[in-house]
Structures are given as C-alpha cells and as structure tokens.
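Open the structure in a viewer and keep the selection tool at hand. Each stop below says what to select and what is there.

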Amino acid sequence: MSRTLYLLRHAKSDWGDPSLVDHERPLNARGRRATELLAAHLAERRISPELVLCSSAVRTRQTLDGIRPGFGDPGPRTEIEEGLYSTTAGAMLDRAREISAEVGSAMLIGHSPATHDLAVLLAGSGPDLERLARKFPTAALATLEFDGSWADLNPGVATLASFVTPKEDLSGRSRATRGR
C-alpha cells in the first residue's frame, strides 16, 4: 500500500515578547500570511491527510489553525502531542512508525531541526532533494511517498514528491491573485 507523509515546519513565530517561554511564542504577521498561502495550496492540490499530529507549542497549533481551511470538510483527525515539541528526527520517526495501519496519509507539524532532519533522512529520491537538504524554512511542506506500512518506515525509503515553501513556491501565486 502506498502512503503519504507530509512534514510541515511551523510558520514564522514572533520573538517580540521576551517574557514568553519558547513553547508559548505565537505566529507573527508573516507566519499568519504563510498559513493562508499554505491553506490555498492545500485546497488547490486537494491535500487532506487522514491524520495530523501537531506539536503542542502555540506556534504549531496556530499553524494548524491557519491551514485547516485548506483541508476542506470534514478535515483530518488531529492530535496535539507534547512529544513533538523539542524532539529529534529519530523520535519523530518512531512516532510516525506508530501510526495506525488504517491511515494512508498523515501530516506531522513540528520544529527545526527535527522536521528538516527527518525529511532528509527519509527522502531517498526526488527532484528537490538538493533544495531540501540545503534548508527547510518556516512554513515549508515536504511531501514524502513510500510503499509499505508505517512500521516499516526507514531511512531513504521515501520519494520526495514535492517540497514547497511560501517564499519560493507560493508567494508568486499570491501576488498574481492580488492583481485580479
């Protein structure tokens, strides 16, 4: 069975309030705009994973809220997980391996560097491998496809089907749309 794993790094966060602990930092204006672009991209591509696993940090939850309109109705089942905050690629991989066999597609919303490291670890082929290896900016979305079960997810088994960033891949569409 073919499966799809979407890896999304949270959108740009706000560093303006030094009294906030890292976990509580919200999105800034640029981050909120990026979630709107991503929601439009998800809707256009009809991307709606069956399951979303999201870090418990404020900025990841706000990223999820911002992209949720792009999923359509009824939208994916979502789980907010403390374990996806301040984690490693290995721990994220372990969590992905625990996804139920009935789930065909899932999205993990997390942080750097774990999200980037996991994407690089899993992607064994695909046209954007070099770009992915260089940088995984905020609000970037990697789409990885692989055959087999979640439990068998291993380094290099996935194909990087797409890698989009709001600045490089989605912002031009937003400018073109504004001109109409």
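**Confidence**

Colour the chain by pLDDT to begin with. This is a predicted model, with an average pLDDT of 93. A score of at least 70 is reached by 94% of the residues. Next select residues 173-180, where pLDDT stays under 50. For this stretch the model has five contacts beyond four places in sequence.

**Helices H1 and H2**

Select residues 29-45, which form helix H1, together with residues 58-67, which form helix H2. Their axes come within 8 Å and cross at roughly 45°. With that angle H1 is oblique to H2. The crossing of the two helices is right-handed.

Now show side chains where the pair touches. H1 contributes Thr 35, Leu 38, Ala 39 and Leu 42, and H2 contributes Thr 63, Gly 66 and Ile 67. Sorted by class, the contact of H1 with H2 holds four nonpolar, three polar and no charged residues.

Stay on H2 and select its buried residues: Val 58, Arg 59, Thr 60, Thr 63, Leu 64 and Ile 67.

**His 23**

Select His 23, in the loop between E1 and H1. Is His 23 buried or exposed? His 23 has a relative accessible area of 16%, so it counts as buried. Leaving out residues up to four places away in sequence, His 23 touches Ser 56, Ala 57, Val 58, Arg 59, Glu 82 and Tyr 85. Two of these, Val 58 and Arg 59, are among the buried residues of H2. To try the distance tool, pick the C-alpha atoms of His 23 and Arg 95: they are separated by 20 Å, and the two residues are 72 apart along the chain.

**Two cis peptide bonds**

Go to Pro 74, in the loop between H2 and E3. The peptide bond from Asp 73 to Pro 74 is cis, with omega near 5°. Then select Pro 113, in the loop between E4 and H4. Here a cis peptide bond joins Ser 112 and Pro 113, and omega is about 5°.

**Helices H3 and H4**

Select residues 89-97 for helix H3 and residues 114-122 for helix H4. The axes come within 8 Å and cross at roughly 65°, and H3 and H4 are therefore roughly perpendicular to each other. Their crossing is right-handed.

Which residues make the contact? From H3 they are Ala 89, Met 92 and Leu 93. From H4 they are Ala 114, Thr 115, Asp 117, Leu 118, Leu 121 and Leu 122. By class, the contact of H3 with H4 has seven nonpolar residues, one polar and one charged.

**Two residues with positive phi**

Select Ser 86, in the loop between E3 and H3. Ser 86 is not a glycine, yet its phi is positive, at about 50°. Its relative accessibility is 64%, so Ser 86 counts as exposed.

Then select Ala 139, in the loop between H5 and E6. Ala 139 is also a residue other than glycine with a positive phi, near 65°. Is Ala 139 buried or exposed? At 1% relative accessibility, Ala 139 counts as buried.

**Thr 138**

Stay in this loop, which runs between helix H5 (129-134) and strand E6 (141-147), and select Thr 138. Thr 138 is buried, with a relative accessible area of 15%. Apart from neighbours within four places in sequence, Thr 138 is in contact with Arg 9, His 10, Ala 11, Lys 12, Arg 30 and Pro 166.

**Gly 124**

For the last stop, select Gly 124 in strand E5, residues 123-125. Its relative accessibility is 44%, so Gly 124 counts as partly exposed. Neighbours within four places in sequence aside, Gly 124 is in contact with Leu 129, Gly 156 and Ala 158. Finally, pick the C-alpha atoms of Gly 124 and Lys 12: they lie 28 Å apart in space, and the residues are 112 apart in sequence.

Technical notes: Residues are numbered from 1 along each chain as its sequence is written. This is a predicted model: local features need pLDDT of at least 70, side-chain atom pairs count only at pLDDT 80 or more; totals for chains, interfaces and linings use all residues. Side-chain values use heavy atoms; hydrogens and water are left out. Axes are lines fitted to C-alpha atoms, for helices over the stretch in contact, and angles run from 0 to 180 degrees between N-to-C directions. Helices (H or I, at least four residues) and strands (E, at least two) are DSSP runs, numbered from the N terminus. Angles under 35 degrees count as roughly parallel, over 145 as roughly antiparallel, 65 to 115 as roughly perpendicular and the rest as oblique. A crossing is left-handed if the near helix is turned anticlockwise from the far one by less than a right angle, and right-handed if clockwise. Contact means heavy atoms within 4.5 Å. Ala, Val, Leu, Ile, Met, Phe, Trp, Tyr, Cys and Pro count as nonpolar, Asp, Glu, Lys and Arg as charged, and the others, Gly among them, as polar. Buried means under 20% relative accessible area, exposed over 50%, partly exposed in between (1.4 Å probe, protein chains only). pLDDT is the predictor's confidence in each residue, from 0 to 100.
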